[in-house]
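Morning, everyone. Let's go through the pockets. Here is the structure.

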Amino acid sequence: MDGSLLESTFADELRSVCRTAVGDELRSITYFTDDGVEQLYLRSDLDRTADLVGFAELERAGFHAQDAYRNSQLGEYRATVRMFEYGYLTRVVDDEHERGVWVTTDSLSMERFEEVAAALKPVLKEIASES
């Protein structure tokens, strides 16, 4: 690797599954672990002003979501969707290996949020198995 958190093939795979699931509404993709954060994509009309380290600190709380929501009548925890004034953030984590991805988008249907979450889970598992 070249100083990044991910091998380029995994970064490309994350970008590909997000573009397929989200399309032109994709704003950004950020990969994070317990001790690092790396933005993999930022749409050209957006500024690089987000506090990625601060966001990562907040999103790392999701590493223990499976435990926190265990035995919930809602079923197994799959992803978190946050609403903001100008877009949405979807966080998907592999809490067993303490790594995750958050994807920011323009407005999407709930089905599309579910699609991106479902597409990201196996990629995170694959990254963990190769690490």
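Start with E1: this strand gives the largest share of the largest pocket's lining, 3 residues. Strands here are DSSP runs of E, at least two residues, and helices are runs of H or I, at least four, numbered from the N terminus. A pocket is an open set of points on a 1 Å grid over the protein atoms alone, where a 1.4 Å probe fits, with protein on both sides within 12 Å along at least five of seven lines; lining residues have an atom within 4 Å of a point.

Mind the basis: this is a predicted model, local features need pLDDT of at least 70, side-chain atom pairs count only at pLDDT 80 or more, and totals for chains, interfaces and linings use all residues. Residues are numbered from 1 along each chain as its sequence is written, and side-chain values use heavy atoms, with hydrogens and water left out.

Back to that pocket. Its volume is about 430 Å³, counted as the space filled by probe spheres set on the points, which are joined across faces, edges and corners. The lining has 20 residues. Nearest the centre lie Arg27, Ser28, Ala50, Phe55 and Thr104. E1 (26–33), E2 (37–42), H2 (52–59), E4 (88–94) and E5 (99–105) each supply at least two lining residues.

Now the second largest pocket. It holds about 340 Å³ of space. Its lining has 15 residues, with Glu76, Tyr77, Arg78, Ala79 and Thr80 nearest the centre. Strand E3 (80–83) and helix H4 (110–130) are the elements giving two or more. Which one gives the most? H4, with 4 residues.
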